[in-house]
Amino acid sequence: MQLELRHLQAVCEIAEAGSLGGAARRLGVSQPALSAQLRRIERVTGGELFVRGRRGVEPTALGQFVLAKARRVLGEMDALGAQARAMAADAPLRLGCILLVLIDGLLARTDLLPAGREVTVDLEDSVTALVRMLGAGQYDVIVYGEVNAHEVPLPQGVLARTLVPREPFCIRMAAGHRLADRPALDLADLADEQWMTLVEDDDGGPEALIEACAKAGFVPSLRYRITDRKMQHDLIAAGRAISLSQPTAPPAAGTVMRPLVGNPITGRIRLAWNRSAVSAHQAGLLYRAAVRAYLADIDNNAFHRAWWDAHPEAHPAPD
């Protein structure tokens, strides 16, 4: 076996995470698969690269040597990619994202996107897959969400900025729902409802929903997992389910949006980019375009406008 860039990246991730489990999560692979890969790498390098210490796994003397060389090689490859893409000025900017409300508005703001670059967009259901594909160079930029305290680990060579540090999730329900006339909903009053399962299952959302419902005294009945927005809204309008929703979501026929008392579930929106493909200037343009796209949706729901105005700490940082 010959060493490849992915092997060098694995060694660096293990060192930075301090554990095989943590590195496996960052790389989007299973721990047994990473352990097997490390054994193959050690056979090529001729000895153990890591030993278990008091603070997790620590590099051996050989491991330190391999790490130094790996970081230098990966740094050179980052620089090569950045310089090559800079020369190919007409190369499209590859944007990956999960299903966020601001994406439509972001793409509409072509005047704020990097000049002269076509933008290609792909939607993913998994934040883990999105981040892994960014690290592997399949995307140049990603926009994703994190729920409550969950943090998505980012691979080496990736930089990130938080667009919106906090937004309170709300409930979308049928306009004829028995609770639709309430200005805000207590989560405990939704114990008997059928819930639309969250599309993303690795952004902390499912755990946050289950934990919040447990505190409210019930286990949510998760019935539907549908990625198509119109189909989601049709089922909700028919009274067959309710769902968590971003507070900036636009109206949908036959449904209403209501905030949750106490805001038990909150989201965070982030922008991340591969520094070998996107310059600091381009990242700044994308950040400003995404922020403006989000702000344009604030007034989609009056209750969110009121919350937003009362919480300046949740506003995007100036650029």
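**Note on a helix crossing and an aromatic pair**

1. Helices α1 and α3 are roughly perpendicular to each other (65 to 115 degrees; axes are lines fitted to C-alpha atoms over the stretch in contact, and angles run from 0 to 180 degrees between N-to-C directions). The axes of α1 (residues 5-17) and α3 (residues 31-45) cross at roughly 110 degrees and come within 11 Å. Helices here are DSSP runs (H or I, at least four residues), numbered from the N terminus.

2. This is a predicted model: local features need pLDDT of at least 70, side-chain atom pairs count only at pLDDT 80 or more, and totals for chains, interfaces and linings use all residues. Residues are numbered from 1 along each chain as its sequence is written, and side-chain values use heavy atoms, with hydrogens and water left out.

3. Which residues of α1 meet α3? They are R6, H7, A10, V11 and I14. Their partners in α3 are L34, Q37, L38 and I41. Contact means heavy atoms within 4.5 Å. By class, six residues are nonpolar, two polar and one charged.

4. Searching the whole structure gives one aromatic pair (ring centres within 6.5 Å, using the six-membered ring of Trp). Y294 and W308 form it, with centres 5.6 Å apart and 45 degrees between the planes.

Definitions and conventions
Helix = DSSP H or I, 4+ residues; strand = E, 2+ residues; numbered from the N terminus. Parallel < 35°, antiparallel > 145°, perpendicular 65-115°, else oblique. Nonpolar A, V, L, I, M, F, W, Y, C, P; charged D, E, K, R; others polar. Phe/Tyr/Trp six-rings, centres within 6.5 Å; stacked < 30°, edge-to-face > 60°.
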